[in-house]
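User: Hi! Could you walk me through the aromatic and nonpolar packing in this one?
Analyst: Happy to, let's bring it up.

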Amino acid sequence: MAEGALALPMQPGSTCEPRWHAQLEALLALDERSLPSSDDEPMADSDTQLWPLTYSIHAIAARFADRRDVYVSGDLFVHYLARNEAGMPVRGQIAPDVLVVFGAEDRVRDSYVVWREGRPPDFVMEVSSNRSWRRDRVEKRAIYEAMGVTEYFIYDPREKFRPPRLIGLRLQQGRYLEIPFETLANGEPGLRSATLGLYAQVDDDGRLRWFDSTNGDYLRTYAEQDRERREAEAELTRLREQFR
C-alpha cells in the first residue's frame, strides 16, 4: 500500500499562521467525494498478509454487528491534516490494514476523512510484510501517535526474521506505551485491546486470532462460521428425519 511521505498530523485545536488560512479552509472543504479513495496497489503482498487482514476485519465487524455507531474497515485511506516544513497546512494520508472507530456511523465510505468525522480511528492494526515492517514500526507509529489513535497493534507473520510477532501499543499522555502480555482464560498469552474489549493472540501455527474473554472463545473465521452453519443444518435435518 503506497502512502505519502511522513507528515505528522496536526494536534487537535492547532492553529496556523494567518497567511495559511486560505490553504487550511481549502483543505477543510474537501470530503470523501473530492479525495482519493484508492492507490491502485494490491491489498496485500501475499496470503500471509491477506488472511489475518480479512479475518480481523470480518471478525471484529461481526463482533459489533449490532451497533450502528461502530465503524470497522480496512485498507482504506485515512486523510488527516498535517503541516509541511514551512508550516503550511497540507493533507496527509495513510491506509491502515484494519481500523475501528467508535461513535462513527456504520456506513459505506470511500475514505475516512478525520476532519469531517471529527475524530481519528480508535484502533488500527497493520499486518507487516517484507516491504512494510520497518515503516509499520517507526513511521506509521509516529503518525498514529500524533493523530491520537488510542491503540495501535502490529502483527508480523515473519517473526523468525524480525521479532516480535505481535506488538500492542496504547496511547498514554500522548505517547505510545507497549501493552504487556497477559495469560488468557485458555492459558495462552495474549495482548488485551481495552478499546475493542478483545485479546489478540498468536496460535501454535503462528496465526493471529482474536479472543473474547466474555465467552471464552475465539472470534470465528468465515470458514469456521460456514462449517458451524452446515453442521447445525445437518443436525436439524437429522432431528426432523428422526421424529417424522
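**Aromatic packing and cores**

Analyst: F123, F153 and W210 make up one aromatic cluster; rings of Phe, Tyr and Trp (its six-membered ring) pair if their centres lie within 6.5 Å, with planes under 30 degrees apart called stacked, over 60 edge-to-face and the rest tilted. This is a predicted model: local features need pLDDT of at least 70, side-chain atom pairs count only at pLDDT 80 or more, and totals for chains, interfaces and linings use all residues. Residues are numbered from 1 along each chain as its sequence is written, and side-chain values use heavy atoms, leaving out hydrogens and water.

User: How many aromatic pairs does the structure hold?
Analyst: Nine aromatic pairs. One is F123 with W210, edge-to-face at 6.0 Å centre to centre and 75° between the planes. That pair links distant parts of the chain, 87 residues apart, with F123 in strand β6 and W210 in strand β13 (strands are DSSP E runs of at least two residues, helices H or I runs of at least four, numbered from the N terminus).

User: New topic: which residues touch the most other members in the largest nonpolar core?
Analyst: I60, V100, M125, F153, L196 and W210, out of 25 residues. Such a core is a set of buried Ala, Val, Leu, Ile, Met, Phe, Trp, Tyr and Cys residues joined through side-chain atoms within 4.5 Å.

User: And which element gives the largest share of this core?
Analyst: Helix α2 does, with five residues.

Definitions and conventions: Buried means under 20% relative accessible area, exposed over 50%, partly exposed in between (1.4 Å probe, protein chains only).
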